[in-house]
Amino acid sequence: MMPYYMVTGMFRSGTTLLARMLHANPNIICASDPYAPIFKSYRNNHIKNIGLDLCADAPLHDYYFDVEQQKLFDEIKNSDFDLAFDIVSITELRRKIKVHCKPYSPMIHNFIELLDGSSYAEIFRSGLKVIEKSYGKSDCNVIGFKDVWVGEFAQHFLKLGNNAKVIHLVRDPRSVIASNFASGSRYPLLFLARQWRKLASIAWLDNSNSDRVKLIRFEDLLASPTEVAKDICSFLEVNYSGDMVDPQKYKDGQGRPWHQNTSYKSNESDNGGRVFNLTAINKWNRTLSNETLGLIGKLCAPEMELLGYENGLNSNLDPFLNIDYKDNLSFLADWIRPYSNYNNFNEIATESARYRLLNSDTKISDKVKKSLALDVDVYDKLVSMSRN
């Protein structure tokens with residue numbers, strides 16, 4: 001099989017733009033959001049293995065503070081895609097993929113019967129062949145796809161073979177949350193902030209530990225698209241194409257001209273909706289309230305610094321004093337309502353304790369470090385930055 005890659009990041013982080021940019025290169029295939037049901041099926045197998053009482057349709061967890069979810073996270077990290085797949089379930093998996101990918105990469109439907117295997121590794125390898133058949137190019141040198149929310153499986157993907165590579169795309173959490181809020185189908189702020197923290201930490205850690213991983217900031221992509229595109233091509237070992245920075249060359253999942261998706265109303269869009277638009281970088285400053293911006297900074301400050309984002313907080317103070325934030329539940333997306341029962345008072349108290357520990361010399365166990373930062377190395381890095 002030819003070289004292959006996966007792009008991942010948080011939703012509203014510019015992953016679709018990056019996917020369309022990659023696919024504009026005649027040497028690269030990039031399918032958009034085809035295989036989330038496979039990742040979730042893999043997670044659900046581990047749920048059964050540890051006897052966790054969790055709905056199979058629940059979103060991937062952020063894993064912070066929760067003993068049972070930490071157990072699940074450890075179970076996932078200590079396994080790989082060689083886990084056996086119940087072949088009896090292949091018809092249902094194909095059905096779920098057809099439903100999921102219809103808005104993003106519908107041409108996969110034509111070859112979905114090729115998706116097969118007795119393990120998740122075999123399923124993913126056959127899935128890459130499905131993508132090649134669906135979006136094949138005569139000059140293709142590398143096959144890939146992008147899926148959001150699934151950063152914790154990047155290491156599993158790398159283990160599929162030495163030809164596998166991963167691109168993590170990150171974006172300022174204020175931009176991510178502003179975009180979600182503007183969409184009219186909100187997610188809880190705590191949910192968004194913790195998911196961003198998780199994916200940002202995993203991206204930093206993977207990038208630090210492997211030369212087959214590349215970390216890209218969306219802001220850098222907007223500011224220097226040609227430079228970033230050439231860097232990606234070097235990483236994927238393909239020739240650069242000027243079509244990558246010409247939005248007129250971008251195609252959607254059906255092969256038609258692609259138009260950028262935006263959460264903002266058309267009369268609020270910037271510069272006619274140009275995809276490489278620097279005014280989009282700080283648009284959060286005009287759309288989010290000071291209260292919301294303050295809480296995002298407080299929840300994400302250490303990880304924002306890790307990725308080079310300014311948060312404006314004074315690390316010598318506890319920024320969680322006198323916080324009383326509540327989400328407007330009437331604006332929540334329907335699907336997330338069952339997973340939005342936060343006790344904000346308790347959650348903010350927990351976040352305050354986390355912030356204080358990250359800004360102190362207190363000795364804690366590796367187990368607690370993982371609860372607070374998902375990984376011992378990430379925790380130690382965040383603490384060391386707070387001292388500088």
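Analyst: Happy to. Let's start with a definition: buried means under 20% relative accessible area, exposed means over 50%, and partly exposed is in between, using a 1.4 Å probe and protein chains only. This is a predicted model, in which local features need pLDDT of at least 70 and side-chain atom pairs count only at pLDDT 80 or more, while totals for chains, interfaces and linings use all residues. Residues are numbered from 1 along each chain as its sequence is written, and side-chain values use heavy atoms, with hydrogens and water left out.

By that definition Arg174 is buried, at 10% relative accessibility. Its side chain meets that of Asp172 in a salt bridge, 2.7 Å from N to O; the term covers a side-chain nitrogen of Lys or Arg within 4 Å of a carboxyl oxygen of Asp or Glu. Asp172 is buried too, with a relative accessible area of 5%.

Lys214 and Asp231 form another salt bridge, with their closest N and O atoms 3.0 Å apart. Because Lys214 lies in strand β5 (residues 213-217) and Asp231 in helix α10 (residues 225-236), this pair ties together parts that are 17 residues apart in sequence. Helices (H or I, at least four residues) and strands (E, at least two) are DSSP runs, numbered from the N terminus. Lys214 counts as buried at 16% relative accessibility, whereas Asp231 is partly exposed at 37%.

A salt bridge also joins Glu113 and Arg94, at 3.0 Å from N to O. The two sit in distant parts of the chain, 19 residues apart: Arg94 belongs to helix α4, and Glu113 to the loop between α4 (90-101) and α5 (120-135). Here Glu113 is exposed, at 56% relative accessibility, while Arg94 is buried, at 12%.

Elsewhere, Arg194, Arg197, Glu347 and Glu351 are linked in a network of salt bridges. Across the whole structure, a search finds 16 salt bridges.

Now for the cysteines. A disulfide is a covalent bond between the sulfur atoms of two cysteines, taken here as a pair of cysteine sulfur atoms within 2.5 Å. The structure holds zero disulfides. Cys101 is in none, and the nearest cysteine sulfur, that of Cys30, is 14 Å away. For Cys233, the closest cysteine sulfur is also in Cys30, at 12 Å, so the two are too far apart for a bond. Cys101 is buried, with a relative accessible area of 0%, and Cys233 is buried at 1%.
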